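I opened this entry to look up a few things. My notes follow the structure.

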Amino acid sequence: MDGELCPESPVDLLCEYSVDPIGMDVLKPRFSWKLRHRERGRMQMAYQLLVSSSEENIIRDIGDMWDTGKVISDCSVNVEYAGKNLESGKIYFWKVRWWDDKGHVSPWSRIAKFEMGLLSLEDWKAKWIGGGKLLRKSFILRKKVKQARAYISGLGYYELRINGQKVGDYQLDPGWTDYEKIVLYTTYDVTVYLKEGENVVGVMLGNGRYNVKPYRRGSHKHYGEPRAILQIKIDFADGSQEFIVSDETWKAADGPIIDDDIYDGEIYDARLEKDGWDTPGYDDSTWRNAKIMEQTGGKLVSGATFPKIRVVKMLQPVSVRNPKPNIYVFDFGQNFSGWVRLIVSGPGGTEVRLRYAEILNPDGTINIKPNRTAKATDIYILKGEGIEVYEPRFTYHGFRYVEVSGFPGVPSIDNLQGIVVHTDIELTGSFLCSNQLINNIHKNIIWGQRSNLMSIPTDCPQRDERLGWMGDAQLSAEEAIYNFNMATFYTKWVRDIKVAQKEDESIPDVVPPYWSLYPADPVYGAACIIIPWYLYVYYGDRRILEENYDVIRGWVDFLNTKTEDHILKFSKYGDWCPPGQIKSPYTPDEAVSTLCYYEVVSLLSKIARMLGKIDDANKYADLAEKIKEAFNRIYLKEDYYMFLKDALDPILSITYSQTINILPLYLDIVPSDKRESVIKKLLDNLIVTHDYHINTGIVGTRYLFDTLTKYGYAEVSYKIITQTTYPSWGYMIKEGATTLWERWEYLSDSGMNSHNHIMLGSVDTFFYKTLAGINADPSNPGFEKIIIKPHVVGDLTHASASLKTIRGLIVSKWWREDNSLTLEVTIPVNSRGEVYIPLIALKNPVIKEGEKVIWKDDKFVQEIPEITFIKKEENHIIFNIGSGSYVFRVVGS
Ligand code: BGC
């Protein structure tokens, strides 16, 4: 075999989307790998995967747990384990090799690992304990430690410490769940923290969402007193084992954290620190015995494959001002989620107060209205010993400004650092174009999205909510997926949705249901289908559809009980937050609900068909048809969708809604003879009535740009998106926004004016999908097929985007010169592309790929085997391409 042509070994080996996870509890984990090849146009023809119970075996190519043999398949994503039973606490090794479509085999990949957690309740020898915010246990190890694991959960939050050190770098762990249903535990490799002789393990506990402040218990679900469960399994070099488990022999005490609350902040009295409490030799004779606590009801579930919250960045303040005597306001120049680090020295007992805010009053003091009842205040009481450094542990804030009062002396810019904290999710997308405003909107969306990933997708990070509002999340999910690797984050949240479903099949507006809002508004409830669907489309995840099929069908059947003549007579929020309003006066709620109902029912039918549930597929297809007919019968009047005046408040005269005209176009339910007039009226309204501005809330906004692209009006989208007058994203930026607002207005005097909401961030997909032109194809999920269809609009001279997908890197990058356009495309190995080359009205276009002409005199020139011609459209020429990198250049004469 010619060495040059040999496929390279697979890379980026993932098990359940994770790199070498430890402590996981998925009994049939799925494996994915990426392929590289020096040749273009290569597919995987076959693979072989080995799973071994020991490193020796895997090195010797012995798959004693599972040897797939040579499997003829192009599947390189989510290959499901089908070997021997996996056991609690065991480490398994795996590797894979592949054959390309010419039959050449690659070398084996690197050896990857996965380790199982505690798979059954009996594996837990530890007990839940509490009785203080500090828990400790001293123990002696008499032998050399080979390997040690700690399995821990602490509710609401814990910090695990061994021999004076914090274990790992996770913050605000475990992730939020409904603790009556699921409690996540975390597995740490603690081998290096232990030693022969005396060791001390300490746990600090925070309230989190478990122990809710009494005055919030009316609305927020309260669970109980903080508690922890911990089990350390130690394997010694001589082959023996020992367990250290939380039980009544542990000691408990109160610590320096006097109060902690996610909304109100933390009060920390450094004088109450118990020096050395988590190190050997400490005298704990004054400590109480720990209390045995009840299990919370929730099942202990491994969080191993879910992404963790971490400190991801530090920000220096850009200024510090002194608007009033002894009041200092630090500006970080960026709205974000997290907290600050305070560096201070002064007399013991001095109380430094840090108040967090998103915006300022005209006099330069902080405006805390957007926080509502969240006190968002950290208080640090000095010990009085040299330089003291403080960061809160069990709270977080959404802010750009911090007001410091009580500081001993005059603080300088060096006394505070911004600590950016959120779920640490890999940024997998990048976008850049020649329009700076668009780049800024994109940047604000990235900050906004990050601030709202806090183990669940939140609505906002600053006020007394920070909840998993499902409408916000599902409407921005595609944006999130284009920018970040969301696979495991959403997998966790979809499970949260599943366990939140009630017996009557209803699901709530917020998940986990810390606010018990059942049943969800139909737009919000749609998350139960939209998010699994995207996981399927973008990550090729079929299992999530199988596992959640009953949830989805249940929810649809629940909605069925709320219809009259197929119109969904149930709504709570409608097209939430259009310009000037919270609830839309221009868009009838029932119409939004019914359109969403149609979307969900037709998607359910499609999923049923895919999963081979043909009866359901037909049943829901029929239902979708009936909803469509009913909707058109009621709302389609003459040449556009309007709502019934008499059903309206008589003082409202506007009867045109952009939203109820956008969605039918998007969903393809407009009868063909009316399509043109519906589009025309929509364009008229956008362009003439609103001078290229939206008049939509979160629902209409989500679908507007996809719809305009679909019908050939990307130019109109571009004009709307690059507005700087109200209402627009550019307007927010002009008014100083560094994230996205909840409302189209600035509003300094209302509690409904979060300055860091993500629900209007759906616009970001226009940059990727329409401008750079990277699109998935739902019939070939997981980017098996990629549609590259860039739009050269407005004054744009270039746009580029890249996505690190489950199959590898996708790039689309174009730039235009006077008489030419260049388009660079990269398609991962084992994927194929359909490329639309824009003709930008060039005369007699000649297209080259690299140095070779592929289109001339209006004809395809078959020069390159990886490129085949599909068809010519008015503005594009369409080719099929194989994997690899291509440089297309169109030149006019
Ligand atoms: C939240 C939202 C949510 C809405 C629904 C608000 O308070 O912040 O973003 O979608 O309520 O009513």
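**Ligand site.** I reminded myself that the model is predicted. I then listed the residues around the ligand. They are Asp-459, Arg-463, Glu-465, Trp-469, Asp-472, Tyr-524, Tyr-573, Trp-576, Glu-742, His-757 and Met-759. By class, I get 5 nonpolar, 1 polar and 5 charged residues in this shell.

Next I checked distances to ligand oxygen atoms. A side-chain N or O atom of Asp-459 sits 2.7 Å from one. For Glu-465, a polar side-chain atom lies 2.6 Å from a ligand oxygen. The side chain of Tyr-524 has an N or O atom 2.6 Å from an oxygen of the ligand. On its own the ligand has 310 Å² of accessible area, and the protein covers 95% of that.

**Helix H8.** I looked up residues 589-610, which form H8, a helix of 22 residues. From first C-alpha to last, H8 reaches 32 Å, close to the 32 Å expected at 1.5 Å a residue. I find H8 mostly covered, with 16 of its 22 residues buried. Just after H8, Gly-612 has a positive phi of about 80°.

**Cysteines.** How many disulfides does the structure hold? I count 0. I took two cysteines to see why. The closest cysteine sulfur to that of Cys-596 is in Cys-528, 9.6 Å away, so the pair is too far apart for a bond. Cys-596 counts as buried, at 5% relative accessibility. Cys-75 has its closest cysteine sulfur in Cys-15, 14 Å away, which is also too far for a bond. Cys-75 is partly exposed, with a relative accessible area of 28%.

How values were computed. Residues numbered from 1 in each chain as written. Predicted model: local features only at pLDDT ≥ 70, side-chain atom pairs only at ≥ 80, totals over all residues. Heavy atoms only, no water. Helix = DSSP H or I, 4+ residues; strand = E, 2+ residues; numbered from the N terminus. Expected span 1.5 Å × (residues − 1). Buried < 20%, exposed > 50% of the residue type's maximum accessible area, 1.4 Å probe, protein only. Disulfide = S-S within 2.5 Å. Near = heavy atom within 4 Å. Polar contact = N/O pair within 3.5 Å; in protein donor to acceptor, adjacent residues only side chain to side chain. Areas by Shrake-Rupley, 256 points an atom, 1.4 Å probe, with all protein chains shown as cover. Nonpolar A, V, L, I, M, F, W, Y, C, P; charged D, E, K, R; others polar.
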